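Please walk me through this structure, one question at a time.

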Amino acid sequence: MSDRSPFLDLPGAVDLTGSGVPSHYGSPLAEQRALAEGGAIVDLSDRAVLTVQGPDRLSWLNSLTSQALTGLAPGESSETLLLDVTGRVEHAARVLDDGDTVWLLVDRPEAEGLLAWLTSMRFMLRVELADRTADLATIGTLGDPPLPIAAPNGVPLIWHDPWREVAPGGHQYARGEHPGAGWTWSERLVPRDALPSLVSRVTSGELAVTGTVAAEALRIAAWRPRFSTEVDERTIPHELDWLRTAVHLSKGCYRGQETVAKVHNLGHPPRRLVMLHLDGSEGVHPVTGASVTLDGQEVGTVTSTALHYELGPIALAVVKRSTDPSATLLVDADGTAVTAAQEIVVPPEAGAEAHVPRLPRLGAVTRAPRA
């Protein structure tokens, strides 16, 4: 399998990251608008596709990861996290079942490690795992363009992002109107050998195409966390408001569940996700990994940045919980301090002090009140 997408042969295509897919085609802001209006596609063929087959596939994944998957219907989309024993995020997967196979959509660098770990956990269960990246490519969109969607078992392989609303069993820490409500993102699997024909349709004007830069800008504006950008070795789901779609708070045991329950019921996440509105007057833009400071002290790190076609320079950052939510922060941009106003995603009081319903302890007995 070639790592270079045929979309890079289109006029103006630029690969800024070396990922093998176009970052943009020369007009990132215009591309954002086209993508937001639902009429364009994004080449995500650098991403990986894993499969789990066998009659135990859903119950097995359910026992290992954070989301309730046993009742996932053919064609239904979900997402789940693999946590370590302390509740830190080790892997994230976008999940789609077609009645015969579970399809796991993941970022390419994550695929090998996730597949190896899942293979080590098979034991005697009736599951078979495979990497199908060489056969199928991912195309992203906010609309419903005509594409040659793969459907090997009669169900079109379209993953619809559940971020638009709180999933059953989940919980949202963000307050008020949520920008994710308008996030109609989907990822569609097409035969990899069909990519040249899609490029021809773009050339003929039948399809509109945008780069990954446009998709990232709209994702940031929707407060949508991504494993390859927002997660580090300390991340727990609460910090990114990922209980919203990737964690079922009342499902059975899985690795890391105790931490998930304790932080949600009794404590607070040590860090919190914010969206930053950056001052663009200096003409410089911070990059991923830039330090965020308040009163001379480092309080966090930028995880994703973009120039949004309507909002201007924006970023997602993970900051200390104790950081004053009303404070103007400073972000380092190659030695220049850029001011940044916070838009709160996860509030400092998220957790026990947010008056959320507490989960029953395992083995707890409900006693009737005395007369």
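Predicted model: local features only at pLDDT ≥ 70, side-chain atom pairs only at ≥ 80, totals over all residues.

Reader: How much space lies in the largest cavity?

Author: A cavity is a set of points, on a 1 Å grid over the protein atoms alone, where a 1.4 Å probe fits but cannot get out. Grid points are joined across faces, edges and corners, and a volume is the space filled by probe spheres set on the points. A search of the whole structure finds one cavity of 30 Å³ or more, and the space in the largest cavity is about 80 Å³.

Reader: Which helix and strands each supply at least two residues of the lining of the largest cavity?

Author: Lining residues have an atom within 4 Å of a point of the cavity, and here they include Thr-80, Leu-81, His-91, Ala-92, Leu-114 and Leu-118. Helices (H or I, at least four residues) and strands (E, at least two) are DSSP runs, numbered from the N terminus. The elements that each supply at least two lining residues are β3 (77-83), β4 (89-97) and α3 (108-120).

Reader: How many nonpolar, polar and charged residues are in the lining of the largest cavity?

Author: Ala, Val, Leu, Ile, Met, Phe, Trp, Tyr, Cys and Pro count as nonpolar, Asp, Glu, Lys and Arg as charged, and the others, Gly among them, as polar. Sorted by these classes, the lining has eight nonpolar, three polar and no charged residues.

Reader: Which element gives the most to the largest nonpolar core?

Author: A nonpolar core is a set of buried Ala, Val, Leu, Ile, Met, Phe, Trp, Tyr and Cys residues joined through side-chain atoms within 4.5 Å, where buried means under 20% relative accessible area with a 1.4 Å probe and protein chains only. The largest such core has 50 residues, and those with the most contacts inside it are Leu-35, Leu-81, Trp-103, Trp-185 and Trp-242. Elements that each supply at least two residues of this core include β1 (40-43), β5 (101-106), β11 (271-278) and β14 (312-320). With six residues, the element that gives the most to this core is α5.

Reader: Which residues form an aromatic pair, and is that pair buried or exposed?

Author: Rings of Phe, Tyr and Trp (its six-membered ring) pair if their centres lie within 6.5 Å, and planes under 30 degrees apart count as stacked, over 60 as edge-to-face and the rest as tilted. The search of the whole structure finds one aromatic pair. Trp-183 and Trp-185 form this stacked pair, at 5.5 Å centre to centre with 10 degrees between the planes. Because its relative accessibility is 6%, Trp-183 counts as buried, and Trp-185, with a relative accessible area of 6%, is likewise buried.

Reader: Which residue lies over the face of Trp-163?

Author: A charge sits over a ring if NZ of Lys or CZ of Arg is within 6 Å of the ring centre and within 35 degrees of the ring normal. Arg-94 lies over the face of Trp-159, at 5.9 Å from the ring centre. Over the face of Trp-163, at 4.9 Å from the ring centre, lies Arg-244.

Reader: Where does Trp-223 lie?

Author: Trp-223 is not a glycine, although its phi is positive, at about 60 degrees. At 3% relative accessibility, Trp-223 counts as buried, and its place is the loop between α5 and α6.

Reader: Why does Asp-241 count as buried?

Author: Asp-241 lies in the loop between α6 and α7, and its phi is near 60 degrees, a positive value in a residue other than glycine. Asp-241 counts as buried because its relative accessible area is 0%.

Reader: How far apart in space are Leu-249 and His-171?

Author: Leu-249 is found in the loop between α6 (227-230) and α7 (257-265), and at 12% relative accessibility it counts as buried. Leu-249 and His-171 are 78 residues apart in sequence, and their C-alpha to C-alpha distance in space is 7.9 Å.

Technical notes
Residues numbered from 1 in each chain as written. Heavy atoms only, no water. 1 Å grid on protein atoms, 1.4 Å probe; cavity = no way out; pocket = protein on both sides within 12 Å on 5 of 7 lines; lining within 4 Å.
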